[in-house]
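This report describes a protein model for a reader who is new to structures. Please keep the sequence and the 3D view open while reading.

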Amino acid sequence: MKLSKNTAFIKDLSSESSGLYIVNTDNAEPSEKQILLQLQEMEELNSHLEKLLEQRTAEITEVVTTNSKFISILSHDLRGPFSSILGVLQILKKSLNDYNINEFEKYINIASDSANRTLNLLDELLEWTISQNLKKSFNPVKINIKELAEAEIVNMGFSAIQKQITLTHAIKSTLYVIADLQMIKTVLRNLVSNALKYTNIGGEISISASECKQFVEITVEDNGIGISTEAQKSLFKIDMFHSTKGTNNEKGNGLGLILCKEFVEIHGGKIRIDSEPGLGSKFTFTLPHYL
């Protein structure tokens with residue numbers, strides 16, 4: 001573009017914009033061509049700034065949404081163990097008049113174990129959340145699925161006892177996946193917790209796993225109240241929270257399954273549900289097979 005000697009260019013000071021402003025330095029009336037050029041430059045700059053604003057807004061929104069979800073999930077994961085502790089304390093309180101040292105020792109041990117697991121869970125979640133926020137790290141390691149399932153059964157043991165639910169697994173000891181440990185703990189914990197919530201007293205929950213080429217399929221199945229086809233459509237959508245009270249009026253926020261989906265997909269896996277009202281639910285997710 002050829003310029004007169006009386007026309008100067010001023011570089012935009014924004015480090016992310018290459019737009020140029022044309023400034024007339026003499027007192028002469030700007031020509032129509034100069035005005036059109038200035039308007040064109042300004043339109044290009046405005047367009048660039050609009051795109052930059054949209055990008056920054058999206059980034060800020062993602063950070064806020066992520067942090068909010070982690071806070072909600074932290075609350076969700078801690079509610080179960082604390083409920084167990086409070087349940088034990090209620091039993092002890094009601095049993096004061098029927099003092100029995102053996103029974104007291106039994107329930108005190110249950111409460112103590114639950115408190116220790118809760119503290120460990122809190123440490124793990126806080127450490128993992130800090131790691132995600134600061135480093136956006138993803139640390140896949142070799143994980144034994146049987147050991148993971150057995151640990152989760154112990155963690156949920158008292159909740160299962162309270163509702164007289166049988167919680168079992170059928171996983172061979174030689175089955176391994178490659179995954180981020182904290183993410184997969186959260187996935188399995190949420191699925192088992194939901195199964196306990198929506199299974200009636202005396203019901204059954206089982207955890208199983210099978211090899212499928214390069215992936216391992218892990219399933220949490222219950223014979224609870226099930227989920228309607230319509231409700232299933234909103235289970236994994238962040239903009240369509242779905243939460244139903246459990247069989248003992250347990251509360252939920254609907255965020256657990258959303259996080260499960262995100263964590264599974266980070267590993268390149270998928271999560272699905274098979275359920276019918278009154279016939280129970282089966283949640284299945286896949287993880288890379290450690291070969």
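The sections below go from the whole chain to its cores, salt bridges, surface and loops.

## Basis of the report

The model is predicted, and local features need pLDDT of at least 70, side-chain atom pairs count only at pLDDT 80 or more, and totals for chains, interfaces and linings use all residues. Residues are numbered from 1 along each chain as its sequence is written, and side-chain values use heavy atoms, with hydrogens and water left out.

## The chain as a whole

The protein chain has 7 helices and 9 strands. Helices (H or I, at least four residues) and strands (E, at least two) are DSSP runs, numbered from the N terminus. Of the 291 residues in the chain, 37% are buried. Buried means under 20% relative accessible area, exposed means over 50%, and partly exposed lies in between (1.4 Å probe, protein chains only).

The accessible surface of the chain is about 17500 Å², and carbon and sulfur atoms account for 55% of that surface. Such areas come from the Shrake-Rupley method with a 1.4 Å probe; for residues, only the protein chains shown count as cover. Among contacts between residues at least 6 apart in sequence, 70% join residues at least 24 apart. A contact means heavy atoms within 4.5 Å.

## Nonpolar cores

A nonpolar core is a set of buried Ala, Val, Leu, Ile, Met, Phe, Trp, Tyr and Cys residues joined through side-chain atoms within 4.5 Å. The largest one has 41 residues, and those with the most contacts inside it are Leu-191, Val-192, Ile-207, Ile-218, Val-220, Phe-283 and Phe-285. Two or more residues of this core come from each of α3 (145-155), β5 (176-180), α5 (181-197), β6 (204-212), β7 (215-222), α7, β8 (271-275) and β9 (281-288). Helix α5 gives the most, with 8 residues.

Which residues does Val-192 touch, not counting residues up to four places away in sequence? They are Glu-152, Met-156, Leu-167, Ile-207 and Val-220. A second, separate core has 6 residues, including Val-88, Phe-104, Tyr-107 and Phe-158.

## Salt bridges

Side chains of opposite charge can pair when their charged atoms come close. A salt bridge is a side-chain nitrogen of Lys or Arg within 4 Å of a carboxyl oxygen of Asp or Glu. How many salt bridges does the structure hold? It holds 3.

One of them joins Glu-211 and Lys-172, with the closest N and O atoms 2.6 Å apart. This pair links distant parts of the chain, since Glu-211 is in strand β6 and Lys-172 is in the loop between β4 (166-170) and β5, 39 residues apart. Glu-211 is partly exposed at 44% relative accessibility, and Lys-172 is partly exposed at 45%. Another salt bridge joins Glu-217 and Arg-272, at 3.5 Å from N to O. Glu-217 lies in strand β7 and Arg-272 in strand β8, so this pair ties together parts that are 55 residues apart in sequence. Arg-272 counts as partly exposed because its relative accessibility is 38%.

## Helix α7

Helix α7 covers residues 255-266 and contains Glu-265. Lys-261 forms a salt bridge with Glu-265, the closest N and O atoms being 2.8 Å apart. The two residues are separated by about one helical turn because they are 4 residues apart in helix α7. Lys-261 has a relative accessible area of 27% and is therefore partly exposed; Glu-265, at 43%, is also partly exposed.

Glu-265 can also be placed relative to Leu-287, which is 22 residues away along the chain: their C-alpha atoms are separated by 8.9 Å.

## Cysteines and a surface patch

A search of the whole structure finds 0 disulfides, a disulfide being a pair of cysteine sulfur atoms within 2.5 Å. Are Cys-260 and Cys-212 buried or partly exposed? Cys-260 is buried, at 1% relative accessibility, whereas Cys-212 is partly exposed, at 37%.

Ile-35, Leu-36 and Leu-39 make a nonpolar surface patch of about 260 Å². Patches are made of residues with over 30% relative accessible area and no salt bridge: like charges are joined within 9 Å, and nonpolar side chains (Val, Leu, Ile, Met, Phe, Trp, Tyr) within 5 Å. Leu-36 belongs to helix α1 (residues 32-94).

## Two loop residues with positive phi

Most residues other than glycine have a negative phi. Gln-164 has a positive phi, near 55°. Gln-164 lies in the loop between α4 (157-162) and β4, and is exposed, with a relative accessible area of 58%.

Lys-213 has a positive phi near 55°. Lys-213 sits in the loop between β6 and β7, and its relative accessibility of 79% means that it counts as exposed.
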